Amino acid sequence: MKRRDFLTKSMGVTAAMALPFSATAVSSENSWDREYDLIIVGSGFAGLAAAYSANKAGLKNILILEKMETWGGNSAICGGIACMPNTSLQKKHGIEDSAELMIKDMVKAGRGFNHPELCKTLATEAHTVYDMLIGCGVEFMDKIIRLGGHSAPRAHIPANASGGGIVVPMHKYLVNKGVQFQNRTQVTSLLRDKNNAITGVAVQEKFDFETEEFKAEQTYKSRHGVVVATGGWGQDKKFVKTTMPIYAHLEATAHPGATAGMIKSLLAVGSLPIMLDMYQLGPWASPDEKGAGPASFFADYSFSEGIAIDPMTGKRFMNELADRRTRAEAQLVVLEKGSEEKPNYPFTFCSEATTKRAEGFKGAYRDGAVNKSNSVAELAKHHGVDEAVLSQSIADWNEIVEGKPDPFNKPLDRRTELKPPFYSLRLSPKLHYCMGGVAITPNAEVIDATTCEPIKGLFAAGEVAGGTHGMDRLGGCSSVDGLVFGQIAGRTAANYKANA
């Protein structure tokens with residue numbers, strides 16, 4: 001199957017979400033229905049971090065807007081893994097790491113297209129995120145793992161292995177500090193004054209995402225500008241198709257509300273776009289679960305301690321801990337060998353010992369995405385592989401575990417022999433992350449496309465801002481991106497005063 005055929009035919013399709021409004025900027029010399037010190041659009045990691053730092057800086061009347069019924073967006077449903085160098089937990093486990101090493105890893109994964117100052121800011125400020133989260137009551141597991149493309153174990157995992165383990169404690173912390181949350185409120189426009197400074201938002205209150213109906217249209221003033229932290233638009237099939245047609249039919253891992261409304265509003269007020277046609281494919285995704293469920297979490301452990309096989313050859317075909325783009329590209333090559341009638345899904349598998357420490361395993365096994373094989377023969381039959389060749393691949397890997405050099409140079413933090421029973425997972429990349437967005441300064445100020453200078457009163461953080469990760473992002477860095485630049489956006493906004 002050719003790559004284009006695979007990308008356009010073999011994935012599930014989520015219905016496109018038509019935007020119910022015209023994302024245009026509106027001049028606001030009018031009266032306001034409400035007034036706040038700071039309005040933050042989006043209740044995920046970036047929005048919460050912005051509220052945290054703005055509150056720390058002294059702002060009291062802070063409002064976080066969320067268009068969906070539930071809080072947190074993608075942040076609440078992701079694994080919550082955060083890659084941070086130089087934290088106290090990393091030092092406790094004796095792991096040598098540095099911001100400089102993380103920058104090197106990020107630039108390698110991003111193929112050198114990373115914005116250097118944004119990349120540096122993320123890596124050097126990451127440890128402050130850990131301290132903020134602990135202060136908000138977030139609990140982490142007492143272990144740190146290595147994800148693909150990272151030169152050191154630096155992935156911190158919330159105690160419940162979910163982004164909800166971060167979103168919920170932060171939400172409670174902020175509510176106790178007096179931060180106001182308002183859901184089912186869709187921002188339709190960023191409003192600006194006669195000097196083109198952003199001074200507020202136009203909203204639809206009691207917005208129903210399913211029916212697109214709402215109760216009232218209002219205007220809210222924000223004395224310290226507006227922070228946009230609305231994440232990506234992976235579920236907006238029309239926007240994805242327009243920017244990267246070949247990805248239009250890929251299943252996306254984002255929640256249904258991840259549409260392009262706010263990126264359009266940002267562009268409508270003259271924000272400079274960056275790399276809007278660049279998307280990341282998740283190499284841990286499986287065709288046997290919807291989006292990125294528990295199997296995706298389990299896959300990271302199987303990649304680390306097990307191997308991935310091309311059914312057509314029975315052999316390994318990639319460094320299972322390479323960066324995401326490298327692995328996704330390698331998997332697409334394997335998939336291209338199959339056909340609609342006889343697909344050739346690559347698969348990864350590991351021993352039972354690995355499953356005992358792998359978050360996501362129980363759920364993935366329960367749901368049928370992970371299969372148990374009691375012998376090499378069973379594993380070979382399940383995935384349509386030549387048994388003799390697969391046996392040799394397992395023997396070759398076990399020699400690497402014993403110390404023989406790996407031709408793919410995969411780093412081994414834990415050496416686990418591959419032996420039955422085996423637990424395997426089919427692989428098929430899915431659209432996971434929007435690499436592009438609006439350009440921002442290291443102070444999270446949105447840049448004007450005409451002047452290449454900051455737009456007064458407009459700040460952005462997280463996935464809606466582009467450039468930090470270049471062409472591809474390392475795992476565990478989107479959460480840190482949102483939390484680092486969210487903090488910065490909140491501080492910058494607190495220091496900004498409209499009409500100053």
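This is a predicted model: local features need pLDDT of at least 70, side-chain atom pairs count only at pLDDT 80 or more; totals for chains, interfaces and linings use all residues.
1. Domains. The protein chain is divided into domain 1, which takes in residues 34–234 + 432–495, and domain 2, which takes in residues 284–428. Taken over C-alpha atoms, the centres of domain 1 and domain 2 are separated by 33 Å.

2. The contact between the domains. Where the two domains meet, 21 residues of domain 1 are in contact with 15 residues of domain 2. Between them the domains bury about 1,500 Å², and 52% of this area is on carbon and sulfur atoms. On the side of domain 1, the residues that lose the most area to domain 2 are R111, R146 and G148, which together account for 31% of what that side buries.

3. The nonpolar cores. The largest nonpolar core has 132 residues, and those with the most contacts inside it are L133, L190, V201, W233 and L458. Helix α6, residues 116–135, supplies the largest share of this core, with nine residues. The core draws at least three residues from each of domain 1 and domain 2. Apart from it lies another core, of 15 residues, which includes V376, V385, L390 and F422.

4. Aromatic pairs. The model holds 13 aromatic pairs. Because Y52 lies in helix α2 (residues 45–56) and Y173 in helix α7 (residues 164–176), the pair ties together parts that are 121 residues apart in sequence. Both Y52 and Y173 are buried. Elsewhere, ring pairs link F298, F361, Y365 and Y423 into a cluster.

5. Helix α9 and what covers it. In helix α9, which spans residues 261–268, the buried residues are G261, M262, I263, S265 and L266. The elements that cover these buried residues include the strands β3 (38–41), β9 (186–192), β12 (226–228), β21 (437–438) and β23 (454–460), together with the helix α8 (237–243). After α9 comes G270, which has a positive phi, near 95°.

6. Backbone points to check. Most residues other than glycine have a negative phi, and most peptide bonds are trans. Against that background, a reader may wish to look at A161, a residue other than glycine with a positive phi near 50°, which is placed in the loop between β7 (155–158) and α7. R184 is not a glycine either, and its phi is positive at about 50°; R184 is found in the loop between β8 (180–182) and β9. With a relative accessibility of 26%, R184 counts as partly exposed, because this value falls between the cut-offs of 20% and 50%. The peptide bond that joins P420 and P421 is cis, with omega at about 0°, and P421 has its place in the loop between α15 (387–402) and β19 (422–426).

7. The surroundings of P158. P158 is found in strand β7, and its relative accessibility of 0% is under the 20% limit, so P158 counts as buried. Leaving aside residues up to four places away in sequence, P158 touches G79, G80, I81, E139, F140, M141, G165 and I166. P158 and L38, by contrast, are 120 residues apart in sequence and 29 Å apart in space, C-alpha to C-alpha.

8. The surroundings of H469. Which residues does H469 touch, not counting residues up to four places away in sequence? They are M106, G110, N114, L122, Y433, M435, C477 and D481. H469 lies in the loop between β23 and α16 (478–495) and is buried, with a relative accessible area of 5%. H469 and G112 are 357 residues apart in sequence, while their C-alpha atoms are 8.9 Å apart in space. Y433, one of the residues that H469 touches, also has R473 lying over the face of its ring, at 4.1 Å from the ring centre.

Terms used
Residues are numbered from 1 along each chain as its sequence is written. Side-chain values use heavy atoms; hydrogens and water are left out. A nonpolar core is a set of buried Ala, Val, Leu, Ile, Met, Phe, Trp, Tyr and Cys residues joined through side-chain atoms within 4.5 Å. Buried means under 20% relative accessible area, exposed over 50%, partly exposed in between (1.4 Å probe, protein chains only). Helices (H or I, at least four residues) and strands (E, at least two) are DSSP runs, numbered from the N terminus. Domain bounds come from an automatic or database domain assignment. Rings of Phe, Tyr and Trp (its six-membered ring) pair if their centres lie within 6.5 Å; planes under 30 degrees apart count as stacked, over 60 as edge-to-face and the rest as tilted. A charge sits over a ring if NZ of Lys or CZ of Arg is within 6 Å of the ring centre and within 35 degrees of the ring normal. Contact means heavy atoms within 4.5 Å. Buried area is the accessible area (1.4 Å probe) that two parts lose on being put together, summed over both.
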